[in-house]
Amino acid sequence: MDVIEILATVGFWAATLRIASPLIFATLGELICERAGVLNLGIEGIMTMGAMAGWMWVYQGGDLWGGVLFAAAVGGAFGLLHAIFTVYFGLSQHVVGIGITLLASSLSFFLFRMILPAATTPPKITAFQVYEVPYLSDIPFIGQAFFTQTPLTYLALAVVPVVWYGLYRTPVGLAVRMAGENPAAVEAQGIDVLAVRGGAVVVGSAFMAVGGAFLTMSAFDAFYFGMVNGRGWICIALVIFASWRPMKALFGALLFAGLDALQVRAQQISGVFIPYQFFLMMPFVLSIVAMIFMSRSATYPKALLVPFRRGERI
Amino acid sequence: MARAMRFEPRERVSVLAAAAAPLAGVAVALLLCSVLILWTGESVLEAYWLLLKGAFGTKFAITETLSRATPLILTGLAAAVAFRAKFWNIGAEGQLYCGALAATWVGTGLLILPPVLMIPLLFLAGALGGGAALLVPVILKNRLKVDEVVTTLLLNFIILLFVSYLLEGPLKDPMLMGWPQAAPIIDEGVLPRLVERSRLHLGLVVAVGAALMVWLVMTFTVWGYEIRAVGHNAAAAAFSGIKINRTIIRTALLSGGLAGMAGVTEVAGLKGYLTLDLSPGFGYAGIAVAMLAQLHPIGVLASALFLSAIYVGADSMSRGVNIPTYIADVLVATSMLAVVLSVMLTRFRIRFN
């Protein structure tokens with residue numbers, strides 16, 4: 001069995017979509033922040049917090065969609081904290097982002113241990129179940145691969161065009177993009193740059209948290225320490241790979257997830273013995289390669305990392 | 001309100017304010033975390049008292065705190081040096097493991113020398129290993145403008161997996177079954193203990209010496225001046241004839257080397273052999289150390305001691321009262337954010353109009 005045969009299996013395509021889902025949410029979230037001019041390195045911690053919060057909501061008896069909303073709200077709250085520091089006080093986005101990641105992940109471990117002190121085997125919830133889309137899932141192959149997913153995967157796919165429309169076809173989206181390119185021009189239009197940037201960071205962080213929640217509420221049914229495992233950092237690389245465009249971000253996440261799904265399967269069938277660590281390394285190596293690949297054409301939002309202080313000339 | 005708020009740089013910052021800012025930030029963090037402690041149902045004062053006692057209450061506790069501070073000083077210096085040049089090295093964790101790897105390679109029988117030579121050789125190997133780990137990000141940054149934040153972060157995971165592979169494969173101690181660990185460092189390379197019946201070792205002296213060296217280099221040498229100039233205003237530095245790329249490479253090698261030395265203190269001082277749990281996140285904690293110290297090399301000594309006191313103290317506290325040890329990490333993260341904010345407030349004046 002070789003690569004072509006793997007590509008011909010339903011399981012491969014279904015796995016690709018499943019692996020891509022959290023990446024799509026979180027990459028879009030980071031993209032929204034960066035488009036407004038704010039690098040959000042809190043992503044890794046916010047995803048961890050979202051994974052914990054959504055799961056905990058359901059474990060405490062709430063319903064699944066309530067859990068998704070709760071995760072988004074908690075993520076948004078950390079986004080607000082990030083925004084107060086980086087947007088309103090204009091502090092270093094690198095330092096604050098790392099601080100938010102440290103805070104959000106340690107706080108989620110603390111809260112998890114606090115609420116469930118004696119849990120040795122991770123307790124489980126009834127996670128999102130596969131929803132077979134009527135009629136479409138009956139299509140041979142395609143139906144099995146793409147239309148028998150969990151609802152959150154459908155949501156991830158649906159959210160991409162929404163974000164694209166929001167950023168490129170609405171006045172708010174224009175203000176967000178302008179805030180990341182030329183904040184002084186936004187201010188000249190009588191729009192509050194700080195509010196636009198802050199809002200973008202809050203919304204983007206909510207997306208990241210939902211991406212994290214996918215892990216505990218759809219991909220798995222329990223919360224483990226360290227389960228986000230660098231996915232947030234990969235999403236930051238994906239944003240660069242996507243040249244800050246939502247549709248390209250979708251493509252990047254799918255490509256990335258496809259390669260990941262492919263290598264897992266290749267690992268099982270390859271005759272040669274390759275230590276498993278090298279397979280686990282692949283996503284991180286790929287991210288770096290993707291950044292090198294895109295380095296020539298990468299066009300950063302011009303005001304990324306530059307704090308906006310009213311009345312100051314740049 | 002937000003519309004009317006703006007910041008005015010203060011013309012001069014008093015020494016007192018600069019020194020008080022981190023303390024105020026830490027005080028705020030302790031207050032905020034006491035809300036969490038209240039929620040656990042324990043007494044806040046008792047919890048903090050137990051933490052303090054756990055960190056400094058006995059002679060053994062003090063040696064534990066100092067030995068935990070050792071790698072934190074070095075990773076803190078690594079972050080402080082790099083951040084001064086606005087080179088965002090978030091990869092100290094990976095560089096630490098590369099340093100430990102190099103020390104393991106040299107120190108497990110490659111060559112046998114008397115301790116006077118062997119120990120410096122191990123630190124040299126570790127520094128080279130840690131510096132080498134930063135070569136790829138720094139070349140990618142200089143040549144292709146690839147963002148070093150992401151590459152150094154991602155490299156942490158790659159390096160850790162590579163170490164995991166080595167420990168289960170080529171480097172696995174053949175004398176041991178089960179738990180993957182490398183062969184022990186030879187006796188000549190083991191850092192001598194500073195205090196009998198404790199784990200405090202020579203690494204502390206090396207770390208403190210490194211802090212002094214870094215302070216001297218950063219303050220009194222052309223190299224240090226160039227590093228600071230590039231961080232302050234790269235365009236102006238380039239205009240005045242400083243080679244930016246070369247300065248960034250030097251900064252990176254220095255930063256990675258310091259982080260690599262942290263790997264040596266752990267592998268040759270504390271543990272004696274390389275395992276995958278050598279560092280419980282010393283690399284990431286180093287960023288907090290550097291920020292609490294406002295990137296000052298001597299300040300790093302104090303803030304590393306503060307962090308290690310929290311970690312060691314929280315371990316002992318959680319045995320006494322029912323508070324998860326993760327409170328230590330929460331406290332560190334909260335302190336870092338609070339200090340960053342309080343330091344900013346000493347430099348700017350908030351105006352409302």
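Predicted model: local features only at pLDDT ≥ 70, side-chain atom pairs only at ≥ 80, totals over all residues.
**Notebook: where chains A and B meet**

I started with the contact between the chains: 40 residues of chain A touch 42 residues of chain B.

Which helix supplies the largest share? I found that H5(A) does, with 13 residues. Then I sorted the residues on chain A's side by class and got 28 nonpolar, eight polar and four charged.

I followed H5(A) across to chain B. Its axis comes within 8 Å of the axis of helix H14 (residues 327-347) of chain B, and the two cross at roughly 155°. Because angles over 145 degrees count as roughly antiparallel, I put H5(A) down as roughly antiparallel to H14(B). I also noted that their crossing is left-handed.

Who does the touching here? On H5(A) I listed several residues, among them Val95(A), Leu102(A), Leu103(A) and Phe110(A). On H14(B) my list includes Ile327(B), Val330(B), Leu337(B) and Val340(B), along with Asp329(B). Sorted by class, this helix contact has 13 nonpolar, three polar and one charged residues.

Last stop: the strands of chain B. Strand E1 (residues 5-9) of chain B pairs with E2(B) in the antiparallel sense, over five bridges. I picked out one facing couple, Pro9(B) opposite Phe348(B) of E2(B). Then I checked how covered strand E2 (residues 348-352) of chain B is. How many of its five residues are buried? I counted zero, so to speak a strand that is hardly covered.

Note on methods: Residues numbered from 1 in each chain as written. Chains lettered and ligands numbered in written order. Buried ≥ 20, exposed ≤ 12 C-beta atoms within 10 Å, placed from the backbone. Helix = DSSP H or I, 4+ residues; strand = E, 2+ residues; numbered from the N terminus. Pairing = 2+ DSSP bridges. Contact = placed C-beta atoms within 7 Å. Nonpolar A, V, L, I, M, F, W, Y, C, P; charged D, E, K, R; others polar. Axes fitted to C-alpha atoms, helices over the stretch in contact; angles between N-to-C directions. Parallel < 35°, antiparallel > 145°, perpendicular 65-115°, else oblique. Left-handed = near helix turned anticlockwise from the far one by under 90°.
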